[in-house]
Structures are given as C-alpha cells and as structure tokens.
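Please look over the model shown here. A short report on its main features follows the display.

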2 protein chains.
Amino acid sequence: MTTSGHILALSGGVGGAKLALGLSRILPSGQLTLVANTGDDFEYLGMRISPDIDSLLYALAGVNNQSTGWGRDSETWTFMSELERLGIDSWFRLGDRDLAVHVHRTNGLRAGRTLSEVTEDLTRKFGVGPNIVPMSDHRISTLLQTAEGCLPFQDYFVRRRCQPVVREILFENAAASRPSPAFLKALGHPQLSGIVICPSNPYLSIDPILSVPGVADAIRGSRVPVVAVTPIVQGRCIKGPTAKIMAELGIAVSPLSVAEHYGSLIDGFVLDILDEPLAEAVSALGITVEAADTIMKTLDDRQRLARRTMALLERLFETDRRVLSAVQE
Amino acid sequence: MTTSGHILALSGGVGGAKLALGLSRILPSGQLTLVANTGDDFEYLGMRISPDIDSLLYALAGVNNQSTGWGRDSETWTFMSELERLGIDSWFRLGDRDLAVHVHRTNGLRAGRTLSEVTEDLTRKFGVGPNIVPMSDHRISTLLQTAEGCLPFQDYFVRRRCQPVVREILFENAAASRPSPAFLKALGHPQLSGIVICPSNPYLSIDPILSVPGVADAIRGSRVPVVAVTPIVQGRCIKGPTAKIMAELGIAVSPLSVAEHYGSLIDGFVLDILDEPLAEAVSALGITVEAADTIMKTLDDRQRLARRTMALLERLFETDRRVLSAVQE
C-alpha cells in the first residue's frame, strides 16, 4: 500500500501547490516531502525571494491569497506604496505581510544558514506538517533565451509579463549543484512508495528540479512508481505561460507532449477527463493513464485529484508487485 | 552676518530633530549641514537601522509621526504583526512604511555604498533640502555599562526601556573611526559661520559624535562660534532618558551640568527661560547665555528657537569681529 509509505512530490508554484495541498490533506503528516523549484529564486532589494517555496508554504498553511492566486491573505501594501513614492525600484510586488518571510529568510541566509534550514524553520513557524524542501541549497537560476535577449525568470515572468518569444530555457549553475539533503533523503527513503510530479510547468518549474545532477537518474532508477499530473487541459494551461512557451518552442500544446517530455521518467500520467481521447496515445508511450477532473477550484477538488493520483500510484505499485512475484516464481 | 554663511548642526534623534527642522525652515537650503549621531545604529533582522538619521529625515520631510513622536506618519503594522504571529523576534517596532527606508539602506550598504552615499540618496528621495550626514561611515556603537551588564544602546533603550542603572557610556570602535566626508567638509567650510549643538542627550547623542577622532578638536579650534541648546528644563528632560542617566552617573540634573559638560567646546548656551536664575552660573564658565523658550510643541516654536539660536551665534560672531578688530588696531 503506497498510502502507508512515503510520498515525494515535485512542485513549482501556484498550480503545483494546489495538488500539494490536496496531498497534504489526505496523507498523514510526516509521510509527504514536497520538493520546490528554486530556479525562480532571485534577489530583490537585497532580499532573497523564493516564490515557489512561499507558494507551497502559504497554500499548505491556508494563508494564501485566494483572490489573486499568489501572495498572502489579509495583505497590505504600505511598503510598496512608499517605495513607489520614493521612486525606488518597485516592479516586483511584495506585500507587507509577505515581507516578514523574505526578511526572515534573507537574515537566516546572511547568518550562514542554508535555504533548507531556513525553509524548515519557516514550515515549523507556519505550522505546516509536510516537509517543504528546496530542490537544492545551491543557487540555480532559470534563464530564458528570448527573441529579445537572455532574461532571468522574474524579468521575463513579472517585468516583461511573459511577452518575449522564448527560444530556449537554461538552468544556470545547475551542473555544479547538488540536491538538498532532505531531497536526497526522500529519494532514498526506505519507505518511499511513490513519486508525484505536480501539475506545474514542465519546462519552467519541473525541469529545473530535474536539472540538478543525479535527480533525473534517481527518479528514473527508482523502484517506486512515478506519476505526473497534466498541467495542460484541452490545449490550454490552467495557470501561467506553459501553453505560450510550448508553442514558441515548437511543441504541440497537448498533454501528450507533456507525457512525451517526461517519457521514461514516469510510469503513470493523470490526464484530464476532457482529454480522454488522448489516453490511447499516452498509453502507447508505455505510460499507464488515469483520467480525472484535473481542474482544482475548491479544496475538495484538490483532495479528489490527490486521491486519484494516489490511486494511480497504488495501481502501479500493485502491478509492480505482481510482476515481481511472477519473476520470482 | 552668520545667516549668510554655512551652519553646521550636531543632532541626535527626535529632540534634536525639532530644532533641526526649525533651522531648516529659517536658513536657505544648501547653507545647513546636519550631522546625525550613528552610535545608536544597529542590525535588526539583518537590516541596518539608523534611528537618528531617520528621525532627521522624517522630521525635515514633514513625514514623521506627530502623535508617537517617532517613526512615520500614515504607518501600518502588518509586517510586525506577521513577525509576532510567526514567533519571530519583534522587539523593535518597524512600521511597513518605515521598512522602505531600512530595506533600501541595507541594500545600498550591501552593494558597497557608504552610509553617507545612501543617506544623501535618501535625502534626495525625500525631497529634503539640507544635507543630512552621518557622523562617520565607520560603525561606532554606543554601549552602556549598566548594573546588569554591558548593553548595546537599543537593547538598553528599547528592549530594557532604559531601566538598568547606567554606570558608564562607551563608544565602541570610535578610536578607529573617521568623520564622514561631508562632516569634514562642513567643519572646514570656507563660509562656515556657526556650529549648533541641538538639544539632544549630551551623553548618548552628542558625545558619540564628539568621540570621532578629530571632531572635538576641530570644533574647539574653530574660528566660528559654537552654541549648544539645553535639553534640560527645570531639572527634567523634554524627551528620553537624559535626566535618569545624569542622575545615575552622579551628575546634577541641571542645564548647568550640560554647559559644564560641553565646557570649552562651546561659546554660547541657550538656556530655558524657566531656568534663567542659572544664567549667571553658566556665564561664570565663560559661556555667553541666551534665555529662550526651549520647549518646542509647534512648528512655530521650532522656528522661534532656531531664530534665537541663530541670534546668539550672530551676537558671538560680531563680538569676535570686534575683538579681532581691536587686536588688529
């Protein structure tokens, strides 16, 4: 039974955090490790901002802003309005409440603590049960080679509103990095029973995690099933610029492309029910398909999709066991 | 005429900033240099806080909080309430609007700019006419030797609410420091016509400035008159722990003690009208006395006291000229 084992989930920001919240609600605390993309991290006004870690932190603590889809609830904007009044760089919107995390994180890092240590401290302070861990304690920066030059992720995403045409995505400093200690521990966890790739942007949010040396091989070589949940429904992306970037990179905007992209890394794929006609094509890749409603509007939706994802993991786990028994007989 | 020359004023925080504002209103912009005590500066949550520079900045920009006497107007406290909720160190109160300055300053210092450069940038951003300059670009820390051990200034002042009994005041790192470039420039300004010591705490706010090597000698040896304005009225201090500290150090809580403390450094002393009976004793020190209403409640009060201070400087300047003429004849 996978639900009695440990689950490792890879996630980007808002989209992935929805499923992460669902998983955190149906799995016992302590049996879930959430690895966050840190390729979007950047320095702003001298502070270290880790957008995807914070999206996970806020979503799991139930303090995320439901109406904007990003940032904190009960937010105020006095700091930002003062920066604007003084003519200080204010292109990235930091709420006053949100600032508490950025100041505390930056202070911890400056004092010599690792991003893992600072993040663990924050999850405790926010009363979050599951481990939220950075993919690496090294700085890896997602860069977009665009028609208008090479742009760091936040410049592309926030300042330029994803307008420049993307030609290539690079993960600066990835080759010299290592997975964070808790990520490594989860990958080698003796009770590990499944790996979930959340419905995040495969190219911008999951690939940075896979770019950390050893991670893709460890997942591919894992004895436990790996399941990805589609971020694409009916040729569109629920959240963010995934569809636009896929088109610019010459990739068909389809869940099939996502399944192909993960390829041998995954054993199972959760497809949206609206895309069920594509199930056969995904299956032809040697990937087991589960069709589910992947659009998560409510907390119930998140838990339901988490259950369907876990069900697919269990199915794959049982199949493996049967195959193993057959081999041993 | 002193008002046609350049005025250098030394100031601590809130009390001194009142007279500084008065001076800034009656003197042409560009003819006033305000030197701020930075002995109270400290690191908090990884940010560099310069309380006296900010008190001057906010007072002169007209954006200080009139009701609390410290901090910013139109302030909100979301950042602080979030720190508290998370159980993060929150003993020093930083408003959301105030934070803009601390984050910007810290960012500038981390990028390698000096405190002088960062402060000049801030005065420009706040639209403040007079130069506000730190006493030094070196870190000098005011330490209080108390009955309960040695305490950094903010620990004593904010965290311990000035309760421990003070035995000695030390200025850590002063011996190795130098005055800031703009302070040096003002001391040697060819049009310098007077030096004002604002009604700040002599021991905690002015002495740190005088502890910077060369400063006391330059003021004492200056060819221009030096006038101090009393921070003590009728045995009490208008603002802060001056009276308490004087008592603990075995000093009579009297403007006479302040005049004696400055001694040969000053030529003139502005005494409160309520303390006029002490005028003779101050005069006996060889110091010219001007009695004025030194309690500044309104902007008018600030300007009136600034005018009285300038009048005393002019009187001393004219006397010097007459003495000089007599010597030359």
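This is a predicted model: local features need pLDDT of at least 70, side-chain atom pairs count only at pLDDT 80 or more; totals for chains, interfaces and linings use all residues.

In chain B, an open sheet of 7 strands runs in the order 5-2-1-9-10-13-14, with parallel pairing. Strand 5 (131-134) and strand 14 (288-292) of chain B are the edge strands. Each has a single partner strand, so one side of each lacks a neighbour in the sheet. From one strand to the next, the twist averages 25 degrees.

How many bridges join strand 13 of chain B to strand 14 of chain B? The pair is parallel and has 5 bridges, with strand 13 covering residues 268-272. Within chain B, Gly268(B) stands opposite Thr288(B), which belongs to strand 14.

## Helices of chain B

Helix 8 of chain B (residues 202-210) is mostly covered, with 9 of its 9 residues buried. Among the buried residues of helix 8 of chain B are Tyr203(B), Asp207(B) and Leu210(B).

Two packed helices are described by the angle between their axes and the distance between the axes. Helix 4 (residues 96-110) and helix 5 (residues 115-125) of chain B pack at about 140 degrees, with axes 9 Å apart. Helix 4 of chain B and helix 5 of chain B are therefore oblique to each other. The crossing of helix 4 of chain B and helix 5 of chain B is right-handed. From helix 4 of chain B come Val101(B), Arg105(B), Gly108(B) and Leu109(B); they meet Leu115(B), Val118(B), Asp121(B) and Leu122(B) of helix 5 of chain B. By class, the residues of this contact are 5 nonpolar, 1 polar and 2 charged.

## Where the chains meet

Between the chains, 20 residues of chain B are in contact with 20 residues of chain A. Helix 3 (78-86) and helix 4 of chain B each supply at least two residues of the side that touches chain A. Which helix of chain B gives the most to that side? Helix 4 of chain B does, with 9 residues. The side of chain B that touches chain A has 8 nonpolar, 7 polar and 5 charged residues.

One helix pair spans the two chains. Helix 4 of chain A (residues 96-110) packs with helix 3 of chain B at about 55 degrees, with the axes 7 Å apart. That angle makes helix 4 of chain A oblique to helix 3 of chain B. The crossing of helix 4 of chain A and helix 3 of chain B is right-handed. Helix 4 of chain A brings Asp96(A), Arg97(A), Leu99(A) and Ala100(A), while helix 3 of chain B brings Thr78(B), Phe79(B), Glu82(B), Leu83(B) and Leu86(B). The contact of helix 4 of chain A with helix 3 of chain B has 5 nonpolar, 1 polar and 3 charged residues.

## Positive phi in chain A

Ser74(A) has phi near 45 degrees, a positive value in a residue other than glycine. The loop between helix 2 (51-61) and helix 3 (78-86) of chain A holds Ser74(A). Is Ser74(A) buried or exposed? Ser74(A) counts as exposed because 12 C-beta neighbours lie inside 10 Å.

Cys162(A) has phi near 60 degrees, a positive value in a residue other than glycine. Cys162(A) is found in the loop between helix 6 (153-159) and strand 8 (166-172) of chain A. With 15 other C-beta atoms within 10 Å, Cys162(A) is partly exposed.

How values were computed: Residues are numbered from 1 along each chain as its sequence is written. Chains are lettered from A and ligands numbered from 1 in the order in which they are written. Two strands pair if DSSP finds at least two bridges between them. Helices (H or I, at least four residues) and strands (E, at least two) are DSSP runs, numbered from the N terminus. Axes are lines fitted to C-alpha atoms, for helices over the stretch in contact, and angles run from 0 to 180 degrees between N-to-C directions. Angles under 35 degrees count as roughly parallel, over 145 as roughly antiparallel, 65 to 115 as roughly perpendicular and the rest as oblique. A crossing is left-handed if the near helix is turned anticlockwise from the far one by less than a right angle, and right-handed if clockwise. Two residues are in contact if their C-beta atoms, placed from the backbone, lie within 7 Å. Ala, Val, Leu, Ile, Met, Phe, Trp, Tyr, Cys and Pro count as nonpolar, Asp, Glu, Lys and Arg as charged, and the others, Gly among them, as polar. A residue is buried if 20 or more other C-beta atoms lie within 10 Å of its own, exposed if 12 or fewer, and partly exposed in between; C-beta atoms are placed from the backbone.
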